[in-house]
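Subject: Structure handover

Hello,

Here is the structure we spoke about. Please look it over before reading on.

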Amino acid sequence: QVQLVESGGGLVQPGGSLRLSCAASGSTFSFSVVGWYRRAPGKQRELVATMSSGGTTTYADSVKGRFTISRDNAKNTVYLQMNSLKPEDTAVYYCTQYYFQESREMRYWGQGTQVTVSS
């Protein structure tokens, strides 16, 4: 069983920056895909960014050029650097980790961390 614990959320003014962290337990992190999703009030959860075990990244169009996902396998941690934040980035941010075991997807989620962008 993998446990994911996010940190780094908070209140920031428009144009500001935040760095989210997500620490994972267990021994599967290095060969997992890791990522961040978010859910804004009244909206469905959406993908923000992912990073494969080999370092390939994907980003939602809405965050390209502003957000950067990274990982440190030695620390079992994934990060999301968020710059030039906008009010529409306000959401609960969730980290996720998944890998395949005998063709079955094993996916885990963190509890979420609130990010509020407001003046």
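Below is what was found in it.

This is a predicted model: local features need pLDDT of at least 70, side-chain atom pairs count only at pLDDT 80 or more, and totals for chains, interfaces and linings use all residues. Residues are numbered from 1 along each chain as its sequence is written, and side-chain values use heavy atoms, with hydrogens and water left out.

The overall build comes first. The protein has 11 strands and zero helices. Both are DSSP runs numbered from the N terminus: strands (E) of at least two residues, helices (H or I) of at least four. The C-alpha trace spans about 45 × 25 × 25 Å along its principal axes. Of the 119 residues, 45% count as buried, meaning under 20% relative accessible area with a 1.4 Å probe, protein chains only.

Four strands form an open, antiparallel sheet in the order 1-3-8-7. Strands pair if DSSP finds at least two bridges between them. Strand 1 (4–7) and strand 7 are at the edges with a single partner strand each, so one side of each lacks a neighbour in the sheet. Strands 1 and 3 pair over four bridges. There, glutamate 6 stands opposite cysteine 22.

Now the core. The largest nonpolar core has 30 residues. Such a core is a set of buried Ala, Val, Leu, Ile, Met, Phe, Trp, Tyr and Cys residues joined through side-chain atoms within 4.5 Å. Trp36, Val48, Phe67, Leu80, Met82 and Tyr93 touch the most other members. Beyond its neighbours within four places in sequence, tyrosine 93 contacts residues including Glu6, Trp36 and Val115. Contact means heavy atoms within 4.5 Å.

Best wishes

Methods. Buried < 20%, exposed > 50% of the residue type's maximum accessible area, 1.4 Å probe, protein only.
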